[in-house]
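Subject: Structure handover

Hello,

Here is the structure I promised you. Please open it and keep it beside this email while you read.

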Amino acid sequence: MDGTSQVRALITPERIDVAALIETVGSTADGALTVFIGRVRDTNEGRRVTGLTYEAYEEMAQSVLEEIIEETERAYEVGHIAAVHRTGQLELGEIAVAVAVAAPHRAAAYEASRSVIEEIKVRLPIWKFESYADGVAEWQRQ
Amino acid sequence: MPDTETRPGPDIVRPTTVVSVRFFARYRDLAGISACEVELAEGATVGDLIAQLRADHRLESLPPNPFVAVNRDYADFGQLLTSGDEVALIPPVSGG
């Protein structure tokens with residue numbers, strides 16, 4: 001670990017600052033840097049989404065996200081990974097999740113990035129509550 | 001000589017395990033509460049806890065096989081519980 005990984009894993013009610021996230025990963029040894037951004041979409045399974053709230057089991061989500069990052073760093077030849085997930089109320093188009101991966105070469109950066117977001121979808125204890133234009137609101141499952 | 005049949009004896013103290021339980025998202029809505037404390041027999045497992053919770057008519061709508069975390073790590077139904085454990089019932093996640 002070095003001093004650049006101050007963000008690394010973060011569950012936050014604050015707006016995600018992607019530029020700041022990028023600053024936390026990588027060194028001059030890393031020629032590639034990928035950023036995946038997940039945003040709030042205006043439709044889900046054909047229904048028009050009007051609003052969205054993420055609830056987290058925050059203490060566990062924080063440690064699970066750290067685990068995902070550490071496992072992925074071990075599994076791929078990457079320098080540094082940082083990931084942030086939002087909680088609370090989000091508007092359409094807002095950033096819900098961001099993953100930054102720095103690596104010596106692009107192949108590992110892309111693969112590790114994909115792996116982190118897929119693991120987030122499978123096991124990060126966060127739940128999405130969507131409201132729809134038809135007036136209904138419900139908890140989503142993946 | 002006292003009559004041993006009628007003499008009051010010490011209360012039988014059965015050791016118990018007290019855990020805190022947290023409910024999130026849809027499971028919180030089903031349970032109607034976000035947390036509770038549960039007293040279990042010593043040696044109880046995660047599976048025993050879930051069965052005991054669901055035996056309460058107010059919690060019977062909880063699913064029989066939810067994902068569970070003990071002290072913030074995913075755990076299986078066979079895991080033994082000890083006093084002070086924090087057990088969370090984890091609905092299917094939908095982050096990302």
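In chain B, take the contacts with a separation of 6 or more: 53% of them are between residues 24 or more positions apart. Bear in mind that this is a predicted model.

Chain B holds two helices and five strands. The chain has 96 residues, and 27% of them count as buried.

Next, look at where the two chains meet. On the chain B side, 13 residues are in contact with 22 residues of chain A. Which elements of chain B give two or more residues to the side that touches chain A? They are helix 1 (25–31) and strand 5 (86–90). By type, that side of chain B divides into eight nonpolar, three polar and two charged residues.

Now pick out one residue in chain A. Arg48(A) sits in strand 4, which covers residues 47–56. Is Arg48(A) buried or exposed? Arg48(A) counts as exposed, because it has 11 C-beta neighbours inside 10 Å and the cut-off for exposed is 12 or fewer.

Arg48(A) still has partners. Setting aside neighbours within four places in sequence, Arg48(A) is in contact with Asp42(A), Thr43(A), Tyr132(A) and Ala133(A). Ile117(A) gives you a distance to check: it lies 69 residues from Arg48(A) along the chain, and their C-alpha atoms are separated by 24 Å.

Best wishes

How values were computed. Residues are numbered from 1 along each chain as its sequence is written. Chains are lettered from A and ligands numbered from 1 in the order in which they are written. This is a predicted model: local features need pLDDT of at least 70, side-chain atom pairs count only at pLDDT 80 or more; totals for chains, interfaces and linings use all residues. Helices (H or I, at least four residues) and strands (E, at least two) are DSSP runs, numbered from the N terminus. A residue is buried if 20 or more other C-beta atoms lie within 10 Å of its own, exposed if 12 or fewer, and partly exposed in between; C-beta atoms are placed from the backbone. Two residues are in contact if their C-beta atoms, placed from the backbone, lie within 7 Å. Ala, Val, Leu, Ile, Met, Phe, Trp, Tyr, Cys and Pro count as nonpolar, Asp, Glu, Lys and Arg as charged, and the others, Gly among them, as polar.
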